[in-house]
Amino acid sequence: MAINLKAKAAQGELHMKAALDCLETGFFKWTADYEGAILEFERAANCFRQSKEFLKSINAFQRAAETAIICNLQFSAAKHFESASNIAKEIKQYDSATDLLIRAANNTKEAGNLERSIDILVKAAKVSEESNPNRAIEIYNEALDIIELCKISGLFNEAFKCFLNFLYKQKKFDLAIGILLKHIEFLNALGQNHNINKAYLCLIILHLTKDDVVAAERTYETAIRSNGFTESNEGGVAGELIDAFDKRLPELLATCLSKQVFTFLDNQICHIARSLRIPGGSNETSISIKLNSKGEIENFTTTEDDGLC
């Protein structure tokens, strides 16, 4: 059954009026009915959303959130700010969507739920990734700062993962190296040796992307002091990668990159690894890897770039 958009919009206006009436005080009404106003603002927002009056819906949800703050109902405020943000994102107002999510994160932080605040900040950063990458970095860093205040939990791995994949995509490798080092400290506290091995391999890949063999070797030396890195698959290929770059042997690099261990890394860093090339005079060798339907490496080829345009 089709919704009568005009009727729904009119219904939303009635709920807005009812909400404002709840907030009024007078001679016979000394205190505002804040909880009643929150309910009416929410009803108005939903009516406006259904009638496609999206800006009015955003405003009504904001009014509900701001009224909830007056009552110190922080979780209610966060919920309504998130609802407003979802609509702003839907109509491609990404800056507004991000602002609203940050307000929601502040509400949950104020209420003492740091874990939920981190989740909302990560969501805000994702909204900003395309429209405002620098702001996304600031928000991700804020989320990591809050993680340091929390009891260590594996639940926070997702925040690091999202931030790192974004930095890989943006080719901000120096920043990614710094975040990886923080992630390794975090993983050490959790005792997640397998993920620590992966993180060290990612660090070495990033150093070699910049052809910084010395930094890669130093990272490897640090990694082998970590439990189990030397015996791990990640440790094995890390040593081979460094050896290939140190000796300028593209064939050795190709053989190394044909190993399945790279497919167990996140897609972005796996792509970076596959793009590694050995600098060598006027020619450079790059490796092209084909995956099968299971995501496993099927074959690889090397191609020579003669430096000609």
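Which residues of α7 are buried? In this predicted model, local features need pLDDT of at least 70, side-chain atom pairs count only at pLDDT 80 or more, and totals for chains, interfaces and linings use all residues. Residues are numbered from 1 along each chain as its sequence is written, and side-chain values use heavy atoms, with hydrogens and water left out.

## Helix α7

The buried residues of α7 are R135, A136, I137, I139, Y140, A143, L144, I146 and I147. Buried means under 20% relative accessible area, exposed over 50%, and partly exposed in between (1.4 Å probe, protein chains only). Among the elements that cover these residues are α5 (94-110), α6 (114-131), α8 and α9, where contact means heavy atoms within 4.5 Å. Helices are DSSP runs (H or I, at least four residues), numbered from the N terminus.

## The largest pocket

The largest pocket has a volume of about 320 Å³. A pocket is an open set of points on a 1 Å grid over the protein atoms alone, where a 1.4 Å probe fits, with protein on both sides within 12 Å along at least five of seven lines; lining residues have an atom within 4 Å of a point. Grid points are joined across faces, edges and corners, and the volume is the space filled by probe spheres set on the points.

Of the 17 lining residues, K161, H183, N195, K198 and D266 are the closest to the centre of the largest pocket. Helix α8 gives the largest share of the lining, six residues.

## A loop residue

K92 lies in the loop between α4 (74-90) and α5. Although K92 is not a glycine, its phi is positive, about 65 degrees. K92 is exposed, with a relative accessible area of 60%.

Key: Helix = DSSP H or I, 4+ residues; strand = E, 2+ residues; numbered from the N terminus.
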